Amino acid sequence: MLVARSVALFAVAALFEIGGAWLVWQGLREHRGWIWIGAGVIALGLYGVVATFQSDDNFGRILAAYGGVFVAGSIAWGMVADGYRPDRYDVTGALICLAGMAVIMYAPRSH
């Protein structure tokens, strides 16, 4: 159950970080205004909070593993929010990143 909880936390963190960055992008680059930027900043802060709920005590490991989720999540976000169509190299790279995340986060370790 710890892996399922961890994966869910990574998904929520991705929603906040990628969504927050997208909101800031929309506010600045698409001229949607300060409300969008403010909402993005709040979401980015919540990303940092969610990451603290991971059961592993190693900040570097959590952040490194999250990097794989961020890569794959960013491609997925672009597909849904902006109509981005990834090519096979985008998909392959995202899968490699997710495999790296799984090794970093869930490999058996002797403590």
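**Exercise 1. State how the protein is divided into domains, and how far apart the domain centres lie.**

Solution. In this predicted model, the protein is divided into domain 1, residues 1-55, and domain 2, residues 57-110. Taken over C-alpha atoms, the centres of domain 1 and domain 2 are separated by 15 Å. With contact meaning heavy atoms within 4.5 Å, domain 1 contributes 16 residues and domain 2 contributes 15 residues.

**Exercise 2. Determine the area buried between domain 1 and domain 2, and identify which three residues of domain 1 supply more of its share than any other three.**

Solution. Begin with the total: about 1,200 Å² is buried between the two domains. Next, consider the atoms involved; carbon and sulfur atoms give 73% of this area. Finally, turn to the part that domain 1 buries against domain 2: Phe10, Ile18 and Trp22 supply 47% of that part, more than any other three residues.

**Exercise 3. Count the salt bridges and the residue pairs in polar contact between domain 1 and domain 2.**

Solution. For salt bridges, the rule finds 0 across the interface of domain 1 and domain 2. For polar contacts, the count is 3 residue pairs, with both residues at pLDDT 80 or more.

**Exercise 4. Describe the side of domain 1 that touches domain 2 by element and by residue class.**

Solution. First, list the elements that give two or more residues to this side: they are α1 (2-29) and α2 (34-51). Second, assign the largest share: α1 provides it, with 12 residues. Third, sort the residues of this side by class: 10 are nonpolar, 5 are polar and 1 is charged.

Note on methods: Residues numbered from 1 in each chain as written. Predicted model: local features only at pLDDT ≥ 70, side-chain atom pairs only at ≥ 80, totals over all residues. Heavy atoms only, no water. Domains from an automatic or database assignment. Buried area = accessible area lost by both parts, 1.4 Å probe. Salt bridge = Lys/Arg side-chain N within 4 Å of Asp/Glu carboxyl O. Polar contact = N/O pair within 3.5 Å; in protein donor to acceptor, adjacent residues only side chain to side chain. Helix = DSSP H or I, 4+ residues; strand = E, 2+ residues; numbered from the N terminus. Nonpolar A, V, L, I, M, F, W, Y, C, P; charged D, E, K, R; others polar.
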